[in-house]
Amino acid sequence: MIKHELIQYFKSLGLTVHTTTKARGHQGFFLKNRIDISKNISENRIIPTLLHEFAHYIHSKIEPDMNKNGGTLTALFGSEKYKDELVKVTNFVDENSLCVRLYEHKDRVKEKIKEHEAVIKQYYPKFQRSKKFKEFDKYIKKSNARYLLKYDRVKVIEGGFWRKNIKLYTIDNIETDFVDMPKAFASYIRLKSYQKKQSRISSRINRYKKYYEKPCELFARLVEGIYLDREWVEAIAPNVTKQFFDLLNDGYYLELKDVIMLSYTR
């Protein structure tokens, strides 16, 4: 089987290959001449993952600091101009890179923010999210509801040393816990909560984008993508694919040429 041939070839280069670990929670992992392939991935993902991690190995030989800084497209392809095409390949290879669910969640949160803003404007037509809500600020100073501006669920301890009263407040029970609170103010608290959720989602999207757009990851997914569907990758990324094969045939990617011959031509 090609899987065993690849593993044996990797080992002949001095690499240690493990296929029975959890690969640090990833499908595969490369570090210091060691490749781990997760025991939990499906059979059809083993070869693409082996190729992906081997691409990291080759990249580390071209740029020894690759693991620290993610490498550069200039070192890999001679130019930074191929990034857009490489991102297209990454989106093809790994649909998680599109962050579809996160964007959908973000859209739902945006709608909730608009809903609560509409409620507030029924009572305060001049309300603007970007400006201080003075009426609310005046009210909230004397209410335990102020804790819900920071947390969606909070325990408040009241009373002295001997007799303590512990009260649980949640964002879902504002009307029950604070019966005198105006509807607009309850909506404002929820609006602020959704704004925090929106910020967290945006941060996650940015982290994913930063990870997927590292040159080391773009290169590894190009190698993976060519194995999965070379014709499609050439169609969506013709310039970087041509540059890749020109450099490959010139021996620039070292032993990767042998791996291409072993796996991609089967």
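Mentor: Start with a cut-off: buried means under 20% relative accessible area, exposed means over 50%, and partly exposed is in between. Keep in mind that this is a predicted model.

Trainee: What makes Glu-111 partly exposed?

Mentor: Its relative accessible area is 42%. That value lies between 20% and 50%, so Glu-111 is partly exposed. Lys-114, at 48%, is partly exposed too.

Trainee: Why is the contact of Glu-111 and Lys-114 called a salt bridge?

Mentor: The rule asks for a Lys or Arg side-chain nitrogen within 4 Å of an Asp or Glu carboxyl oxygen. Here N to O is 3.9 Å, so the pair counts. Both residues lie in helix H6, three residues apart, about one turn of the helix.

Trainee: How many salt bridges does this rule give?

Mentor: The count comes to 15. Separately, Asp-94, Glu-217 and Arg-221 are linked in a network of salt bridges.

Trainee: How do you know that Lys-242 is exposed?

Mentor: Its relative accessibility is 54%. The cut-off is over 50%, so Lys-242 counts as exposed. Its salt-bridge partner is Asp-246, at 2.9 Å, N to O. Asp-246 has 33%, so the label there is partly exposed.

Trainee: Why is Glu-224 called buried?

Mentor: Its relative accessible area is 2%. Glu-224 forms a salt bridge with Arg-45, with the closest N and O atoms 2.5 Å apart. That pair links distant parts of the chain, 179 residues apart.

Definitions and conventions: Residues numbered from 1 in each chain as written. Predicted model: local features only at pLDDT ≥ 70, side-chain atom pairs only at ≥ 80, totals over all residues. Heavy atoms only, no water. Helix = DSSP H or I, 4+ residues; strand = E, 2+ residues; numbered from the N terminus. Buried < 20%, exposed > 50% of the residue type's maximum accessible area, 1.4 Å probe, protein only.
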